[in-house]
Amino acid sequence: MNATAREFRELYGYGPEGVWAAPGRVNLIGEHTDYNDGFALPFALPQRTEVAAARRTDGILRVHSADVPSGAVTFELAALDPAQPPQGADSWAAYPAGVVWALLDADLPVSGADLTIRSDVPTGAGLSSSAALEVATALALTDLHGLPLTRPELAALARRAENDYVGVPCGVMDQMASACATDGHALHLDTRSLEQRHIPFDCAAAGLRLLVVDTRVKHALADGAYAQRRSSCHEAAAALGLPALRDLPYGELDRALARLGDPVLRSRVRHVVTENERVVRTEELLRAGRLRETGPLLSAGHASLRDDYEVSCPELDLAVATADAAGAYGSRMTGGGFGGSALALIDAEAEAEVGRAVTRAFRDAGYAAPRITAAAPSAGATRLV
């Protein structure tokens, strides 16, 4: 029996109706563009969150995590309130509760459920553990209750749970990647139209590896810094008379920057517009099979996130600089920033050497040892049992 299903049975005394899973994600390029209606190029990770679930008919939601040392958290559906999400040790439960709230608020019939959750997506590592939890929960509930949602619609509801219930003002990229990615491909996402293109991305066939360096610095996107970045982008777009920064063409960037008096707004705009251009150029290179040539775009993206968007940290900068010095074609932080993980595109035979170099650099700097793994594009959310 599936381990999550077995835990469900041990906890609740009966078997689940099924087990669903959704992956974490790595964003190859296109950071902080999604809430600016821009472009992103994520892919799904093999690591995933599993949800074993069964329907209830009494308006009760019970959620239990195999990864949290406590019992099940119980909610009355009628009392779910985004003004009072779970706090403290039970704050993780806000994510599945928020999904139920979003479904109900969209007038989709959910009568209650028992859930058990198990995940190997690292939390706080910038790999979208929250989106994996939201999407796995949403897929389980929509299947159980026969709700007619497309994958983009499901992702949008999962995002609403995080925005309006949990209180993190993220864009939709994480949820779309978890819900819609396909094995062996990166997902080119237009976050305005939700148009998707699946772009072949096979590092192994090219003799490459994409390393993920988890710095072990936990990021917290609900602490206000993320919201400040989003607000500054919207302020800049309004000052330029644009619906969103996505509508500023790359070729008109310098002229637009000259119209902005605030140097912080200029920096934020420069990052978003150049990052959208990097997504376009990276897709072109992937389609042409020129994977190594994407390296400088990754490095330019990190410099922009570090200097113009100011969301890096010393550990991320050290991981990037060390990987590049050890022979990476390019490296960058991935995710919202303020901690989390970095990527490094390297030759396959250099994996051990680059890993040792980064680990040694962290030790010499007095940082906790990083967790280093190789990532490959994997499938999106699915039903397992």
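Helices (H or I, at least four residues) and strands (E, at least two) are taken here as DSSP runs, numbered from the N terminus. The model is a predicted one, in which local features need pLDDT of at least 70 and side-chain atom pairs count only at pLDDT 80 or more, while totals for chains, interfaces and linings use all residues. Residues are numbered from 1 along each chain as its sequence is written, and side-chain values use heavy atoms, with hydrogens and water left out.

With a relative accessible area of 4%, H32 is buried, where buried means under 20% relative accessible area, exposed over 50%, and partly exposed in between, for a 1.4 Å probe and protein chains only. Its side chain is joined to that of Y35 by a polar contact of 2.7 Å; such a contact is a pair of N or O atoms within 3.5 Å, of which, within protein, one must be able to donate a hydrogen and the other to accept it, and residues adjacent in sequence count only if both atoms are side-chain atoms. Leaving aside neighbours within four places in sequence, the residues in contact with H32 include Y226, H271, L305 and G335, contact meaning heavy atoms within 4.5 Å.

The backbone of H32 also deserves attention. Most residues other than glycine have a negative phi. H32, although not a glycine, has a positive phi of about 60°, and R216, also a residue other than glycine, has a positive phi near 70°. R216 lies in the loop between β9 (208-214) and α6 (225-239), and it counts as partly exposed because its relative accessibility is 42%.

The UniProt record, an unreviewed entry, places the feature "domain: Galactokinase N-terminal" at residues 7-55; positions from UniProt are given in the numbering used here, feature names are shortened, and annotations may be inferred rather than shown by experiment. In the model, the span of residues 7-55 is 12% helix and 53% strand, and its end C-alpha atoms lie 17 Å apart.

Rolling a probe the size of a water molecule over the atoms shows where empty space is left. On a 1 Å grid over the protein atoms alone, a cavity is a set of points where a 1.4 Å probe fits but cannot get out, whereas a pocket is an open set with protein on both sides within 12 Å along at least five of seven lines, and lining residues have an atom within 4 Å of a point. The largest pocket has a volume of about 1000 Å³, a volume being the space filled by probe spheres set on the points, with grid points joined across faces, edges and corners. Its lining is made up of 45 residues, of which Y95, T123, G124, S129 and S130 lie nearest the centre.

Among the elements that each supply at least two residues of this lining are α2 (94-105), α3 (129-144) and α5 (173-180), and the largest share, three residues, comes from α3. By class, the lining has 21 nonpolar, 16 polar and eight charged residues, where Ala, Val, Leu, Ile, Met, Phe, Trp, Tyr, Cys and Pro count as nonpolar, Asp, Glu, Lys and Arg as charged, and the others, Gly among them, as polar.

D174, which UniProt lists for "active site" in an unreviewed entry, has its place in helix α5. D174 counts as buried because its relative accessibility is 15%, and, not counting residues up to four places away in sequence, it touches R25, S128 and A131. In helix α3 lies E134, which is buried with a relative accessible area of 0%. E134 and Q175 are 41 residues apart in sequence but 7.8 Å apart in space, C-alpha to C-alpha, and Q175 is one of the residues that E134 touches, among them also Y95 and E162. Helix α2 contains G98, likewise buried at a relative accessible area of 0% and, beyond its neighbours within four places in sequence, in contact with A161 and Y165.
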